[in-house]
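Biologist: I am new to this structure. Please take a close look at the aromatic rings and walk me through what surrounds them.

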Amino acid sequence: MKNKKQANSQNQKHIDQESTISGTPRDVRRSLRKKEDKLVRKITISVLLIILIVGGVLIFNIYNYIVSSLEPLNAKSEQKVEVVIPNGSSNKAIGEILEKEKIIKSGMVFNYYTKFNNLTGFQAGTYQFSASMDLDAISEALKNGDVTEKTAQAKLTIPEGYDIDQIGDVIAEKTAFTKNDFLSLISDTDFFNTLLASYPNLLQSASEATDVRYRLEGYLFPATYNYYDDMTLKELVMAMVAKTDSVMSKYYTQIKQKNMSVHEVLTLASLVEKEGVTDDDRKNIAQVFFNRIAADMPLQSDISILYSLGEHKEDVTISDTQVDSPYNLYTNTGYGPGPFDNPSEQSIQAVLDPTANNYYYFVADTSTGKVYFAATYDEHLVNKEKYVDNQ
């Protein structure tokens, strides 16, 4: 009996020794865990405090920046600065102009301020602004058109569908600038890059295009522009580009959703502009172009041939369709290098919202202008013979 108790005692002693040697006692481990948890909590709290402090400082700085941007840039300033707001300038473009002229602190804040307050309808013209004016006063002046009394020397009307060559003729007729002056500026890479910096959403895809004749073809919006005797040619062209950006700005999101570029939209719109007259025809023609592109068929638009030839004539011959040019959409598939003229907003809308159809061909009655569509080439030949050849 004694031997058994001694054996048990020795075994327990052996187990205790093994526990001490092979592992940490439970109370020691618990104590270590508590210390670790406490350290983790301290670190977590410290990190959170740092984030809150940094975030608070950042929010405070942003708040101060916005508040200061809403106030006059220099409340004591008595200097008046002449500021020109081009036709078609977006609120963002106006903000950039005001910031550049040191009238306001931030063009970005001005843009968001006008959006938040739903301020639209700002008028182009020459204004007298001061750095002592706040955004309310500036916005009110822009909305009311409180421009400096100035009489336009001429009004330039650019018809829908005019190309750069034709616009050059209008400028030469109505202003002191020659057509060569205009074409030289249009071809100036530095000038284009200046515009690109101001209107990246509009011109980025144009900057990436290859084999183009004029990078600004399609980007000079058809409208009526005021021309003043002290106006530079750059200011006149910038007004046209600003107008295009103003029109296109409401479509940028839709263009991205359609997985297209601005350049592609304006290119198809420039063809639709000349091929169709009514909105219904334009929408159907736009879909025909999309159908042909999807089928890897050339668009075969006569408008592309006339642009390739650099001519404006009524009839296109078979020989004409063989002209060696990247703009020839009889011999080349796809969109071509870029726009063939400067399209209207209606044609742009037709490209962005075409009428679904299964047509691949269309022809216009030369006497009535009515457009007839066909799904097959045989149907197209029947329409051509009936409405074109026999007229």
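Modeller: Rings of Phe, Tyr and Trp (its six-membered ring) pair if their centres lie within 6.5 Å; planes under 30 degrees apart count as stacked, over 60 as edge-to-face and the rest as tilted. By this rule the count comes to 11 aromatic pairs. This is a predicted model: local features need pLDDT of at least 70, side-chain atom pairs count only at pLDDT 80 or more, and totals for chains, interfaces and linings use all residues. Residues are numbered from 1 along each chain as its sequence is written, and side-chain values use heavy atoms, with hydrogens and water left out.

Take Y307 and F340. Their rings are edge-to-face, 5.7 Å centre to centre, with 85° between the planes. This pair links distant parts of the chain, 33 residues apart. Y307 belongs to helix α14 (residues 302-309), and F340 to the loop between α14 and α15 (345-352). Helices (H or I, at least four residues) and strands (E, at least two) are DSSP runs, numbered from the N terminus. Both Y307 and F340 are buried. Buried means under 20% relative accessible area, exposed over 50%, partly exposed in between (1.4 Å probe, protein chains only).

F340 also pairs with Y327. Their ring centres are 5.6 Å apart and the planes stand at 75°, so this pair too is edge-to-face. Y327 and F340 both lie in the loop between α14 and α15, 13 residues apart. Their C-alpha atoms are separated by 8.3 Å. Y327 is buried, with a relative accessible area of 3%. For F340 the relative accessible area is 2%, so F340 counts as buried.

What else touches F340? Leaving aside neighbours within four places in sequence, its contacts (heavy atoms within 4.5 Å) include D163, E217, T267, S270, L271 and I303. Y335 and L329 are also among them.

Other rings gather elsewhere. F289, Y359, F362 and F373 form one aromatic cluster.
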